[in-house]
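Dear colleague,

Please find the structure below. Some notes on its cavities and pockets follow.

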Amino acid sequence: MKVIKNYLYNAGYQILLMLAPLLTTPYISRVLGANNNGINTYTNGWVTFFYLAGQLGISLYGNREIAYQRKDKYKRSKTFWSIISLQIFTSSIALIAYLIAVFLFSSAFKTYFLLQALWIVAYGIDISWYFMGMEDFKKTVSRNTIVKLITIALIFILVRNQNDLAKYIFLLGFAQLAGSLTLWPYLRKNIQWVKISEWHPLKHFYPALLLFIPTITTQIYLVVNRIMLGRMAPQAAVSQFNFGDNIVKLVLAIVTATGTVMLPHIANKFASGDVKGVRDSLYKSFDFVTAVSVPMMFGLMAIANKFAPWFLGNEYGPTGGVIFWEAPAILMIAWSNVTGTQYLMPTHREHQYTISVTIGAVVNIVANIFLISLYGANGAAVATVISEFAVTVVQLFYIKGTIRRRALFASVWRYLISGLFMYIVVSRINEIMNMTIINLALQVALGIAVYTIGLFLLKAPIIKQAKSLIKKE
C-alpha cells in the first residue's frame, strides 16, 4: 500500500508539473498566439540543455543513492550534502555558460532567453530527488499544488495580450524556482549537518555524469523535435506540435509516475539482496502500466481531431493530428519506463540504459530529418514514436537474461483488444457529437466503462490485483 500511495502522490506531482501550462493553454494559445507560443517553446528548448547539464544525472542518481542509505541518518546526510554541493557547483557553471552564449549568439530573442535562465537556477537548487529517495512524495505534491495554483492565477491576471510574452516566460520560470525553494525547510527534521571536510562532492561526479548521458539524450525527444521544427517549419508549427506533445506527455505522466516511485523501492530491495522481490515487483509494475497506458493511448486517438481545435482554438486544428500520431508513444514509454527506469537504473546497469536511449536519440534525429520535411509537425510526432519503439526494443534485449520477457507480455493482448474495442466505440460517438465539456466527460466515462468491461470479459490480471487490494483494505 505504501508503493500505491507513493504512486498516487507522484502521479499528482508529475501532473502538477505540467498542469499549470495545460490549464492555461486554452487562454494562452489565444492571447499570445501561435507565433509567440512558438518563441517560448523555442527559447525554452535551448535552456533545457543547460539546466540538464547543470544537474548532470543527479535527479536519478540522488534518488537512488538516498534510497541506498535511507536507514542511516548520518550516511544519508553525508550523501545529501555531497550531492547538493556538486549540483549547485555544476549548475552555476551551466548558468555562466548559458549567459555567455546568450550575449554572444542571441539577437532576436535575447530578452526571452535571459528570462528562461530562471529554470537553470531553479533546477540548481532542486532537492526533490532527496524526498523521492526517501519514498516521501507527499511533500513534493503539497508544495507544487500551492505554487502552481498561485502561478495559474497570476498568469490569468498579468498575461493579457501578445505583448505579455515576457511576463508569461518569467512566471513559468519563477514558479519552478519557488517550488524548489519551498522544499528546503523540510530538511531540518530529515538530515543533520555534516562537516564540509566530509562532503567529498567529486566522489559523486563520475557516477552522476554516467546518468547525465541518458538524461540528456532522453531530452532529445522533448527538445530536438521543437528545435528542428523551428529550423525546418514555421514557428506556428512548433507551437502546434508543442501543445499536442504537452497533452500526450501530461497523460503519460500518470503512467511514468510509477518509475520515480519504483526506482527507490527497487533500489532498496536490490541493496538488501531481495532478487525475487525485484522481479515480482517488475512483473506487477509492467502489467499495471500496460493496463493504464493502453486506454490512454486509444482514448486520445479517438478524440484528438475534435478535441484540439475546441480546447486550443481553431488556429491549432493541426494539433489534433499531432496528438493522434504521437499517442502510441504512451505505450512505448510506459514499457521502457519499467525496463529502464525501474530495472536497469536501480540495479547498476546504467551503461545498458545509456546505450538504449542513445540509440533512440540517433533514431529520433534521423527520423526527424526525413519526416519533418515531408509531414511537418505530424512527422515530428511519428519520429517520436519510432524512437521510443527503438528504446523499448533495445532494453527488452538487455533484460532477456534476468527477466522473463514472455511473462511480461503474457497478458498484453487482453489490454490491447479491450483498448481497441474502446477506441472503436468512442471514436464513433465522437464523430456524431459536438465537442463540449459535458460531451467530453460522457465520452471519457463511456471509454472507461467499455474498457473495464473488456478487462473483466478477458480476465485481465489487473482485475485480480485490484480485487486483492480491495480485500486487504
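The second largest cavity holds about 40 Å³ of space. A cavity here is a set of points on a 1 Å grid over the protein atoms alone where a 1.4 Å probe fits but cannot get out, and lining residues have an atom within 4 Å of a point. Volume is the space filled by probe spheres set on the points, which are joined across faces, edges and corners. The model is predicted: local features need pLDDT of at least 70 and side-chain atom pairs pLDDT 80 or more, while totals for chains, interfaces and linings use all residues. Numbering runs from 1 along each chain as its sequence is written, and side-chain values use heavy atoms, without hydrogens and water.

Lining this cavity are Leu282, Val338, Thr339, Tyr343, Ile399, Ile403 and Leu408. Helix H14 (residues 329–344) gives the largest share, three residues. Helices are DSSP runs of H or I, at least four residues, and strands runs of E, at least two, numbered from the N terminus. The protein has 20 helices and zero strands. The count of cavities of 30 Å³ or more is three.

The second largest pocket (an open set with protein on both sides within 12 Å along at least five of seven lines) has about 630 Å³ of space. It is lined by 22 residues, and Val251, Pro295, Met296, Gly299 and Val444 are the closest to its centre. Elements that give two or more residues to this lining are helices H1 (2–31), H11 (235–271), H12 (275–312), H18 (412–432) and H19 (437–457).

Regards
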